[in-house]
Every structure is written in C-alpha cells, then in structure tokens.
Amino acid sequence: LVHHQIFVLLPGRGDARTFFREATTFSQLGFEGALAEFTVTHSTGFSALMGAMLSVFGQSILVMELANITMGLAVVALVYRLALNCGADPSLAKRAALIMALIPSTAQYSVVALREMILVLPFMMGLVALTSQRSYVTATGMLFFSFWCSLAALFHGGMILGIAGLGAGAFVFQMFASRLPGQSKPSIILNLLLLG
C-alpha cells in the first residue's frame with residue numbers, strides 16, 4: 001500500500017533493483033529460455049529463476065516479492081519445527097518463530113527480492129532434517145543437511161561457508177567450554193572426527 005499510495009519502495013535499490021532488471025530481461029526469453037540462463041557461478045542464477053517466474057505470471061515486481069514472502073513464511077515455520085526438534089515446548093517454539101519473523105534481516109529478505117531468502121530456506125530445511133528424531137542414528141539427517149546446504153550454496157557459496165564456520169565455532173565451544181563438572185573429557189580424536 002505504501003508503495004502504490006505514498007512513495008515507491010519496490011524494487012528497492014542496489015541488488016534488488018539489479019535482480020529485478022535482470023529477471024525482466026530473462027523473462028523475455030520465455031520460461032525455458034530463462035531457465036537455460038541459470039548459472040551457479042554468478043548471482044544471475046537467482047535472476048534467471050525469477051525471470052522464469054515472471055515469464056509465467058507477468059513482469060511485475062510483486063511476483064518476485066510474493067516468492068520471497070512465501071519463502072520467508074516457510075523459514076519462520078521451519079524455525080518453529082527446529083525448536084521442537086531441539087526439545088522446546090510448543091510455546092517456546094512459537095516464541096522462537098516470532099523472533100525469527102521479527103529479525104530485521106528476515107523481514108528485509110522476505111519483502112525485497114534478494115537471493116538471500118532462497119539460500120536461507122534450504123539451509124533451514126537442512127537443519128530441520130539434521131535435528132529430526134533419530135536422524136543421527138542412520139546419518140540420513142546429515143545426508144539431507146549436506147544436500148540442502150549444497151543447494152543453498154548454488155546461490156551464495158560465501159554465505160554458506162560463513163554459516164558453516166559459525167556452526168563449527170559453536171560446536172567447538174560446546175565441545176570444550178560447556179562440559180558439565182564431573183563429566184569425562186572426550187578424546188581429542190573423537191572431537192576432531194565429530195567436527196570433521
């Protein structure tokens with residue numbers, strides 16, 4: 001409503017405007033033509049996918065916005081599921097989902113057509129698979145996590161490496177700093193194998 005009645009908000013500035021302009025260009029190639037332009041080596045991969053959508057639904061920025069809003073809502077729902085998988089009761093899981101919904105980066109990426117949302121969604125799907133009940137026993141959770149992270153890395157490999165680095169750091173902290181008093185110290189080899 002603000003965009004149409006007060007002042008222009010969309011497609012925004014910088015990357016969002018570039019993605020929309022590229023997607024509009026790709027959409028003129030038709031659905032298959034736009035998909036043929038998909039690449040994993042450049043950010044235009046996101047524009048190619050969005051161009052395929054624009055070729056079907058029309059060249060409106062709202063098509064891309066709706067796609068990102070849908071992904072944002074899915075991420076919030078996945079945070080709820082992740083919290084439940086980690087042992088939270090439903091009220092705490094709802095609180096975690098609310099926090100995720102209100103984090104400025106989630107709100108921004110959900111409303112402005114940026115590629116970050118298309119990598120956060122598969123990453124969250126991987127985390128949910130990793131933490132699902134008994135997934136660690138059969139290693140299926142790790143396989144799904146690796147698959148979803150690989151898919152996310154197609155859109156922004158550097159960001160996934162950063163997230164993985166944070167995760168590795170948190171794991172190391174948990175390994176060495178959060179041992180309960182009286183617990184036996186796990187072997188360094190076991191810790192390194194788990195980290196690897």
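**Close-up views of a predicted model**

**View 1. Phe 147 and Trp 148 make an edge-to-face aromatic pair.** At a relative accessibility of 47%, Phe 147 counts as partly exposed, because that label covers values between the 20% and 50% cut-offs. Keep in mind as you look around that this is a predicted model. A pair of aromatic rings is described by the distance of the centres and the angle of the planes. Here the centres of the Phe 147 and Trp 148 rings are 5.1 Å apart and their planes meet at 70°, so the pair is edge-to-face. The structure holds two aromatic pairs, and the next view shows Phe 19 with Phe 46.

**View 2. Phe 19 and Phe 46 pair up across distant parts of the chain.**

**View 3. Ser 47 is a buried residue of helix H4.** The relative accessible area of Ser 47 is 0%. Which residues does Ser 47 contact, leaving aside its neighbours within four places in sequence? They are Phe 19, Glu 22, Ala 23 and Phe 26.

**View 4. The largest nonpolar core has 30 residues.** Phe 46, Met 50, Leu 54, Met 64, Val 75, Val 120 and Met 124 touch the most other members. Helices H2, H4, H5, H6, H8 and H10 each supply at least two residues of this core. H5, spanning 61–85, gives the most, with 10 residues. To explore one spot, find Met 124: apart from neighbours within four places in sequence, Met 124 is in contact with Val 75, Leu 78, Val 79 and Leu 82.

**View 5. A nonpolar patch lies on the surface.** Which residues form this patch? Look for Phe 31, Leu 35, Val 56 and Phe 57, which together have about 410 Å² of accessible area. Helix H3 (30–36) and helix H4 (44–57) each supply at least two of the patch residues. Leu 35, found in helix H3, counts as partly exposed at 36% relative accessibility.

Technical notes: Residues numbered from 1 in each chain as written. Predicted model: local features only at pLDDT ≥ 70, side-chain atom pairs only at ≥ 80, totals over all residues. Heavy atoms only, no water. Patch = residues over 30% accessible without salt bridge, like charges linked within 9 Å, V, L, I, M, F, W, Y side chains within 5 Å. Areas by Shrake-Rupley, 256 points an atom, 1.4 Å probe, with all protein chains shown as cover. Salt bridge = Lys/Arg side-chain N within 4 Å of Asp/Glu carboxyl O. Helix = DSSP H or I, 4+ residues; strand = E, 2+ residues; numbered from the N terminus. Buried < 20%, exposed > 50% of the residue type's maximum accessible area, 1.4 Å probe, protein only. Contact = heavy atoms within 4.5 Å. Core = buried A, V, L, I, M, F, W, Y, C linked by side-chain atoms within 4.5 Å. Phe/Tyr/Trp six-rings, centres within 6.5 Å; stacked < 30°, edge-to-face > 60°.
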